[in-house]
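Colleague: I would like to go through how the labels on this model were assigned. Please set each value against its cut-off.

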Amino acid sequence: IDAVCDARATAADVAEIERLVSEDPEAVERYLDQVGVHTGVDWLVTSQQPAAPPLPDHSFASRMLAGRMLAHRASGGRLALYGLLSLGACVALMLSLPSRLDEPPALVTPCAAIVSHSECAQWVVLHNAERPDGMRQQLFSTETLHLTEGRVAMRFADGAEVDLTGPAVLQVLAPDRALAVRGRLTASVDEDAVGVAIDTPRAQVVDLGTRFGLEVDDRGATDVVVFEGEVDVTYGPATSADADWSRRVMRMGEGMHVDRAGDAQRIVSIRSERFAPGAEGGAGERPPLISEVRDNIRGAESWNYYEIVRRGMGEDAVAYVDREEHQWNGLVAGGMPAYLVGGDYVKRFNHDKVAADFAMELEGAQPVSLYVLFDKRGPPPEWLTTDFEATGDEIGLDIRIEDRTGDTSQTAKKRQ
């Protein structure tokens, strides 16, 4: 692999690499790991240098990507314009592009631009088969951004805003379209930019006016989480025909995992910092108190997820993943009880309130004091009166819609 990346591989070396990546998924992962190493080294060398002459092409790379890693057949005759980059002296792994896209970047209009970045961010931009030309901020059609670490905020020409967290690889295809090869991002799209599409090896996400999170692992498995609005998700195996791919409209509070085989499952829970730019926390941050949330919902009954919000409880804390207008607040001048403020809490989904057989489990990351906020308009269930003790405190659930004033919940603490 090093010989290929350093452009000193023999024909026999190339043939052997082609055989390995065609037969063994672990070989593909190993290849990607080595590309990452070369990327980091190359960034140090090229970030302050102009682009070098084009590198020689190796057609096996395109065949490998088309056959195993990124052979996404887009519906409606869309061009499958997917590429994976190798940086530094690595070979540029790009599929064939229209001649118009082979023009130098200066001759066409930028499709996207990096508008801000974290202090530690390091990236390179690859144009077709050229060496990376450093930390350039404008990206043109078919150019690939390789973010080795840190975070960058991008704005697309059609108005979409994308926050990308490294390590990540993102190819810009058009002013309203990109390919996420790997990594994690959050996209925000207003009404004027509806229709922005982000492809992955196993899915295509078309925005319908929303904010959503997306993560792709090294083998193409894709997570889609909707925070606001709706997205249209098409998904399936990388090697299947267009007609075999499935489609689903995902709404606020819903999450989908598309595995490496192209099958979809519900995402049950996420951490709030997973898709929140800059919210990963520093070394001094308290570790999470809740590690996981599970329930007894099975099959296609629901696609809703739970959101674990670290240190998020307080005035105006959003209560549900699918209702942004519901917020927790104190009922007295001093606000909500002090023992709740700054605690980790779980945002549930609102539409399950009539499920009689519902059960939810929380897994603690360490010993904790657990509180339940219970709607006092109904009788408490037996498990609550048996396993918890009433605190005597109340907080409010504001519903800022149609002049409704809100509901009141009582707090109960888990018995020790």
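Colleague: What makes T186, A187, S188, V226, F227 and E228 contacts of R211?

Modeller: Contact means heavy atoms within 4.5 Å, and R211 meets that with T186, A187, S188, V226, F227 and E228, leaving aside its neighbours within four places in sequence. This is a predicted model, where local features need pLDDT of at least 70 and side-chain atom pairs count only at pLDDT 80 or more, while totals for chains, interfaces and linings use all residues. Residues are numbered from 1 along each chain as its sequence is written, and side-chain values use heavy atoms, with hydrogens and water left out.

Colleague: Why is R211 called partly exposed?

Modeller: Buried means under 20% relative accessible area and exposed over 50%, with partly exposed in between (1.4 Å probe, protein chains only). R211 has a relative accessible area of 30%, so R211 is partly exposed.

Colleague: And why is T222 called buried?

Modeller: The relative accessible area of T222 is 0%, so T222 falls under the 20% limit.

Colleague: What makes the T222 and T200 side chains a polar contact?

Modeller: A polar contact is a pair of N or O atoms within 3.5 Å; within protein, one must be able to donate a hydrogen and the other to accept it, and residues adjacent in sequence count only if both atoms are side-chain atoms. The side chains of T222 and T200 make such a pair at 2.8 Å. The T222 side chain also reaches the backbone oxygen of G220, at 3.0 Å.

Colleague: Which residues does T222 touch, not counting those up to four places away in sequence?

Modeller: Among them are T200, L214, M256 and H257.
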